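These are my notebook entries on a two-chain model. I record what I looked up, entry by entry.

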Amino acid sequence: MAKHRGRGFATIEYPTGMNQNGDPSQAWIKLKPDGRVDVFSGTVDIGQGSKTVHTQIVADALGVPYDWVTMDNTNTDSSAVCTGTFASRGTFIGGNAVRLAAERVRERILDIASRELEIDAADLEINDGEVTAKGSPQKKINVADVAGAATYNYGELISGSSTALKPFADVNDETGQVEIEPHSAISYAACVADIEVDDETGEVVVLKMVQVYDVGRAINPTLVEGQIEGGAIMGLGLGLLENSYPEYPSVDNRGGEFGAYLGPSLQDLPELDNVILENPSVDGPFGAKAIGEMANNAQPPAIANAIHDAIGVWVTEMPATPERVLAAIQEQREPRREGKRVIFDDKISVRAFSSNDGAGFFNTDG
Amino acid sequence: MKAVGARLPRYDGVGHVTGRTQYVDDVRVGRVLWAKALRSPHDHAAITKLDTSKAESMKGVHAIITSADVPRNVYGHLEGLGVPGDEPLLADGEVRYKGQPIAVVAAESEEAAMAAVDAIEVAYEPRPALFDIRTALDPDAPQIHPWGNVYPHYGPYNHRRVRKGDVDAAFDKADFIVEGVYRPQAIEQMPMETQVALCVPEANGRLTIYSCTQAMYFSMGVVAAHLEVPLNKLKFIGGTVGGGFGGKVDTATDTICALLALKSRKAVKWRWTREEEFLVSSTRAAWHIELADAVTKDGWILGRRTLTLHDSGAYARFSPYGLTKHAFHHSGAYTIPNLHFDGFVAFTNRVPSTAMRGFGVTSVSFATETHLNRIASVIGVDPWELRLKNANRIGDTTGNGVALQDPSTVAVTLAAADRVGIELGAEYRQMDSEPRTGALLPEHLVAQQRLNAEAH
């Protein structure tokens, strides 16, 4: 009886935006008479920090200080359409909506400033809330004064709106092929899990996870790390602990409370080492891709591979509970070989359970 | 200072950690009625009797709704994407999972509402139930829907297909065919905030709905469809959610509160208990994935055959969408030019599954990434090198034929190897994502490269 160390890893990819697209996010922005910025977006913040990220995008797209920007995503009367906070679309699609709206506001600010300064708009830039002439920074006007002039002299509400939308990608039902890209971007990640398996109890403990994420551009690295670490513990729950149906496929003995459902908690948290790569997306806001959902996808296979590394058995029914690990150790099952076929797991296959060899699922080409 | 790239504090963080953020359950609008549901105790049954009259006459009860009170009882969340509705808001004559709502009471307290639920007269005739998706198409399987036990609307097919390249030729040519079965489980989204909604009927005839939805406009569309009202009759207030993870994309409580508010003309709140959140809210789906990969002894993946079964539970909800996403990503972060994929959304008599973080792809990442290590162990190739060799590069095409513009399989894999001190051969250490040439453009990838060049 002993504890065995093992290491496993996995490399994954994950799309941004609804599969097949067609999922708009809209935003509109107005300036108060002192240049302060009101952003109206329908993007729900589910705790991931989209309000923060969108505020950062607007501040830089306009060239004003971050604390000038106020975000209102509170209701459907004042906010425009957002398809929703899912499909890892908040930063990319919601972010592009506020960025494009901010660019239109920026054009209006430059137009008014151009009239006030009597300098062509193309020769002006905005930084830290000031419009200056390129190459002659002494010629300048504060965005607050531009907004005041617009409101009280020119009779204009400086505002801008936009929609981020990629057209729906039809799929050929016979072949699954598409004509246009059915996503907004693809993000990539790798996870290395170091674990320890107790061959007497079957318990698996994750000691450390090294995780690398290419997010295109980390708009806010702290929030990206939050996603990486939150995703890590969620992926650990998937790999080792959680099960809505402990006797699946039976529906018996489900856990109806926290004490009866084995979710991960802080005691399960391994040492985490996070690496953020920035390989910019072609058309995301400031090069951003996404991270939200993929953050819990790489750990379960990394853990399964680490178990094999540690004790030489495969656990391919999730989660890798002590019972399953012990059963795998006991059975020491080898793959069946038929010519060049190497067949694992045939005892849990469709053909092993179906009364007619799974006829309805196979032979789909007639 | 540039804001993008800065470690700025969370916009709403102080409110969250000092208890000042207002979630739906914190909203106070004066007196409210409380909702409680009559739920099916059976996995599968006909409803032979449903009589709410005694319950309606009880003290403190203001309204009870059944399927007869819903203007449009069956509305599918994805009808806009061509997925027909199959799930009644309130059960109509039959129940297909334990916990399915049949009637909902609005009363002056949660206790009064629960007492009225208990007083509803209901009788059932149990039917055989189906739980194992592997047997869903067996001739003797219990039938869940009139159209059968799998979702039938992928164009003319009852399954989502991918057909790319020449899989038979790839399998003929392979040195090894490695086969495995992978079964990721169902889990709970487990948010701290349970499903909750508060609906206030306004003096001007509009309904204000305080919602924990992850998607205000989407949920507003769902409520409007069930109520058959235009969008300007509704105002959703939300945007701040106490955890969703995909479980608050489904519209669980908003529509019922709206119907009860209309019927009672009072504000109505429905706050699910922790037990309801665990036992009758949607879960992540369980999956069954059978993979067979055609590989060469030096570590090229020539082709893949896949059968995926997705346990949708009793109704389709978002599952047809999730399975398509799964199909589109079933070759993972690698280029595999010959693919044959069949995926089925199979119905069972369990709580409908739905979106959860990684929807459709978490399952296939587990299956394919574990499978790659099995391949490495069978053919005696290093698992890092196996991945780097087959890694997606610029111009490689996905399973559904899209040329990749900015893949990072090589970059993240090398960065991870470097971080943990894995020693790789020079030809691997120096890899990048540039288009394939030389030894990294073997015969089986030449045709893909040529087709890609012609298409662009």
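**Entry 1: domains of chain B**

The model is a predicted one, in which local features need pLDDT of at least 70 and side-chain atom pairs count only at pLDDT 80 or more, whereas totals for chains, interfaces and linings use all residues. I number residues from 1 along each chain as its sequence is written, with chains lettered from A and ligands numbered from 1 in the order in which they are written.

The contact takes 18 residues from domain 1 of chain B and 17 residues from domain 2 of chain B.

**Entry 2: chain B overall**

I find 13 helices and 15 strands in chain B. Helices (H or I, at least four residues) and strands (E, at least two) are DSSP runs, numbered from the N terminus. Along the principal axes, the C-alpha atoms of chain B fill a box of roughly 80 × 65 × 40 Å. Of the 456 residues in chain B, 59% are buried. A residue is buried if 20 or more other C-beta atoms lie within 10 Å of its own, exposed if 12 or fewer, and partly exposed in between, with C-beta atoms placed from the backbone. Among the contacts in chain B between residues at least 6 apart in sequence, 78% join residues at least 24 apart.

**Entry 3: α9 and α10 of chain B**

I next examined helix α9 (residues 362-379) of chain B and helix α10 (residues 383-390) of chain B, whose axes come within 9 Å and cross at roughly 115 degrees. Axes are lines fitted to C-alpha atoms, for helices over the stretch in contact, and angles run from 0 to 180 degrees between N-to-C directions. α9(B) and α10(B) are therefore roughly perpendicular to each other, the label for 65 to 115 degrees. In α9(B), the residues B:Leu372, B:Asn373, B:Ile375 and B:Ala376 meet B:Pro383, B:Leu386 and B:Arg387 in α10(B). This contact of α9(B) with α10(B) has five nonpolar, one polar and one charged residues.

**Entry 4: the interface of the chains**

How many residues of chain B are in contact with chain A? I recorded 112 residues of chain B against 110 residues of chain A. α9(B) supplies the largest share of the side of chain B that touches chain A, with eight residues. That side of chain B divides into 52 nonpolar, 30 polar and 30 charged residues.

**Entry 5: domains of chain A**

Chain A is divided into domain 1 (3-15 + 183-331) and domain 2 (20-164). Their C-alpha centres lie 38 Å apart. I noted 17 residues from domain 1 of chain A and 14 residues from domain 2 of chain A in the contact. Helix α4 (residues 221-241) of chain A gives the most to the side of domain 1 of chain A that touches domain 2 of chain A, with three residues.

**Entry 6: backbone geometry**

Most residues other than glycine have a negative phi, and most peptide bonds are trans. I therefore looked up the exceptions below.

- A cis peptide bond joins A:Tyr248 and A:Pro249, with omega about 5 degrees. A:Pro249 lies in the loop between α4 and β11 (271-277) of chain A.
- From A:Met318 to A:Pro319 the peptide bond is cis, omega being near -10 degrees. A:Pro319 sits in the loop between α5 (299-311) and α6 (322-331) of chain A.
- A:Gln332 has a positive phi, near 45 degrees, and counts as exposed with 9 C-beta neighbours inside 10 Å.
- B:Phe245 has a positive phi, near 60 degrees, in the loop between β11 (234-237) and α6 (254-264) of chain B. B:Phe245 is buried, with 26 other C-beta atoms within 10 Å.

Key
Angles under 35 degrees count as roughly parallel, over 145 as roughly antiparallel, 65 to 115 as roughly perpendicular and the rest as oblique. Two residues are in contact if their C-beta atoms, placed from the backbone, lie within 7 Å. Ala, Val, Leu, Ile, Met, Phe, Trp, Tyr, Cys and Pro count as nonpolar, Asp, Glu, Lys and Arg as charged, and the others, Gly among them, as polar. Domain bounds come from an automatic or database domain assignment.
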